[in-house]
Amino acid sequence: MNLFDKQKKECLHGIDQSRKGSFDAPIHELIVFINSHNDFFTTSSCSGRIVLFMEGETKKKGCKWLLASHDEIGATHIMEKIEERSDEDDKIDLKYEPFILHVQCRTLECAKLMLKIALGCGYRNSGIVIGKKEKFMLAVRSTHGAEAPLKFNKSVIVSNEYIQHITDNVNSKLGENFERINKFFEALKAGLSGGTK
């Protein structure tokens with residue numbers, strides 16, 4: 001067994017280190033397809049999500065998630081979460097994070113092939129990192145994220161009308177995100193045909 005196959009076996013049979021502990025449902029079939037191919041395996045992924053979070057006091061302390069969803073979210077739910085903390089002197093932001101995928105590739109040519117497909121589907125921020133012992137990692141990502149502050153402190157909170165507007169905006173972006181993922185999946189099936197186990 002060569003190094004790539006050994007790494008693939010160890011990765012796919014290892015413990016999922018994500019908060020959720022499993023693939024996101026919207027990209028489950030895509031991940032299974034890539035991992036069934038002889039020349040690729042995924043190391044991390046996110047289908048795209050909307051997150052309402054409270055900023056930490058410092059970067060070291062990080063942030064606290066108040067709400068996270070891989071589906072569209074209702075503005076009322078966001079308003080309720082903010083209202084729960086209306087008397088607290090903290091800062092709350094709403095963030096949309098697009099699909100991201102990290103794939104280890106058997107060869108540089110394999111990485112270039114998937115990169116070409118990703119770029120053709122609109123993932124303009126994608127790229128290849130070449131590591132030690134000819135380890136080829138491909139990151140598939142876009143630049144379509146969004147973030148907006150909703151609460152600055154207990155005295156400064158945006159209006160419900162604004163929350164509705166920004167929620168509609170991130171929901172729209174998430175919908176476009178899933179359309180782009182489907183396009184990428186179809187392009188992969190056409191471009192990588194014949195390489196599955």
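A crossing is left-handed if the near helix is turned anticlockwise from the far one by less than a right angle, and right-handed if clockwise. In this predicted model, H2 and H5 cross in the left-handed sense. The contact draws on Glu 29, Leu 30, Phe 33 and Ile 34 from H2, and on Ile 181, Phe 184, Phe 185, Leu 188 and Lys 189 from H5. By class, the contact residues are 7 nonpolar, no polar and 2 charged.

Now the geometry. The H2 and H5 axes lie 11 Å apart, at an angle of about 25°. Angles under 35 degrees count as roughly parallel. H2 and H5 are therefore roughly parallel to each other.

The elements named in this report span these residues:

| Element | Residues |
|---|---|
| Helix H1 | residues 3-12 |
| Helix H2 | residues 28-35 |
| Helix H5 | residues 160-191 |
| Strand E1 | residues 40-46 |
| Strand E5 | residues 100-105 |
| Strand E6 | residues 127-131 |

Next, the sheet. Strands of a sheet pair through backbone hydrogen bonds, either parallel or antiparallel. Here 4 strands form an open sheet in the order E1-E5-E7-E6, and the pairing is antiparallel. E1 and E6 stand at the edges with a single partner strand each, so one side of each has no neighbour in the sheet. From one strand to the next, the twist averages 20°.

What joins E1 to E5? The two strands pair in the antiparallel sense over 6 bridges. Cys 46 stands opposite Ile 100 in E5. Helix H1 lies across E1 and E5, and runs at about 35° to E1.

Definitions and conventions: Residues numbered from 1 in each chain as written. Predicted model: local features only at pLDDT ≥ 70, side-chain atom pairs only at ≥ 80, totals over all residues. Heavy atoms only, no water. Axes fitted to C-alpha atoms, helices over the stretch in contact; angles between N-to-C directions. Parallel < 35°, antiparallel > 145°, perpendicular 65-115°, else oblique. Contact = heavy atoms within 4.5 Å. Nonpolar A, V, L, I, M, F, W, Y, C, P; charged D, E, K, R; others polar. Pairing = 2+ DSSP bridges.
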